[in-house]
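I opened this model to look up its helices, its core and its aromatic rings. My entries follow in the order I made them.

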Amino acid sequence: MIHIDTLLAFAAVVLGLFLIPGPAVLLVLARSSAGGHRVGIATGLGIAAGDVVHTAMATIGLSAVLMTSALAFNLVKYAGAAYLIYLGVRALMEGGEDLQLAKARRVDAPLAFRQAVIAEVLNPKTALFFLAFLPQFVHPERGAVGAQLAVLGLVFVIMSAIYTALVALAAGRLVGWLSKRRGIGRWQNRVVGTIYLGLGVRMALQQR
């Protein structure tokens, strides 16, 4: 089964990705500002539900790869690490722009939930992220790969749901704080890029 040290490292990386406002957080803030806390929380839950689908697809696909051979799974891990390094380099090279809080039209909570689920499920970047990100914390020698992937995915989903709910509840203050500090957007790519690069390097060193 997945080791507690690996789980804690995974949670720390995920938290680092969450702390810098990304598209999901900005969407929750926009929905909360337009429709209130309930709509914002529904949006966050919709995003988390979409991530459950991506977790299931990644678990099924990567487990099937391992059934082919352990070498194939390691190749997938290397490919994922290379993809994360690519994303990290691109993010660092692009720099960043001032944070922009987009306006969102007013909708009710059920509609906000459905829209968030559909948008997240149909986002190919999210699918690629899960396929590249989750395997970096999986060790086939420690047990069933499918179970490890499922645990990691569920940890991500739970953390996402809790974090976006807190963002929705604090939306009023956060919007005011971010509107005065739009320059934080310039640090987004730097922080995320550094995390992606770190994961790629970690994979390379781990295999030596």
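**Notebook: helices, core, rings**

I began with burial: 43% of the 208 residues of the chain count as buried (under 20% relative accessible area; exposed is over 50%, partly exposed in between; 1.4 Å probe, protein chains only). The model is predicted, so I noted the limits: local features need pLDDT of at least 70, side-chain atom pairs count only at pLDDT 80 or more, and totals for chains, interfaces and linings use all residues. Residues are numbered from 1 along each chain as its sequence is written, and side-chain values use heavy atoms, with hydrogens and water left out.

**Fold**

I found 9 helices and 0 strands (DSSP runs numbered from the N terminus: H or I of at least four residues for helices, E of at least two for strands). I then looked up contacts (heavy atoms within 4.5 Å). Among those between residues at least 6 apart in sequence, 85% join residues at least 24 apart.

**Core**

I searched for nonpolar cores (buried Ala, Val, Leu, Ile, Met, Phe, Trp, Tyr and Cys joined through side-chain atoms within 4.5 Å). The largest has 39 residues, and Phe 10, Leu 17, Phe 133, Leu 134 and Phe 156 have the most contacts inside it. Elements giving two or more residues include helix 1 (4-19), helix 3 (37-68) and helix 7 (145-169). Helix 7 gives the largest share, 9 residues.

I checked Phe 156 next. Leaving out residues up to four places away in sequence, Phe 156 touches Phe 10, Val 14, Phe 18, Asp 51, Phe 129, Phe 130 and Phe 133.

**Rings**

I counted 11 aromatic pairs (Phe, Tyr and Trp rings, the six-membered one for Trp, with centres within 6.5 Å; planes under 30 degrees apart are stacked, over 60 edge-to-face, the rest tilted). Phe 129 and Phe 130 have ring centres 5.9 Å apart and planes at 85°, so I logged the pair as edge-to-face. Both Phe 129 and Phe 130 are buried. One aromatic cluster has among its members Phe 129, Phe 130, Phe 156, Tyr 163 and Tyr 196.

**Helix packing**

I took axes as lines fitted to C-alpha atoms, for helices over the stretch in contact, with angles from 0 to 180 degrees between N-to-C directions. The axes of helix 3 and helix 7 come within 9 Å and cross at roughly 170°. Helix 3 is therefore roughly antiparallel to helix 7 (over 145 degrees; under 35 is roughly parallel, 65 to 115 roughly perpendicular, the rest oblique).

For helix 4 and helix 6, the axes come within 8 Å and cross at roughly 125°. That makes helix 4 oblique to helix 6. Gly 80, Tyr 83 and Leu 84 of helix 4 make the contact with Leu 128, Ala 132 and Phe 133 of helix 6.
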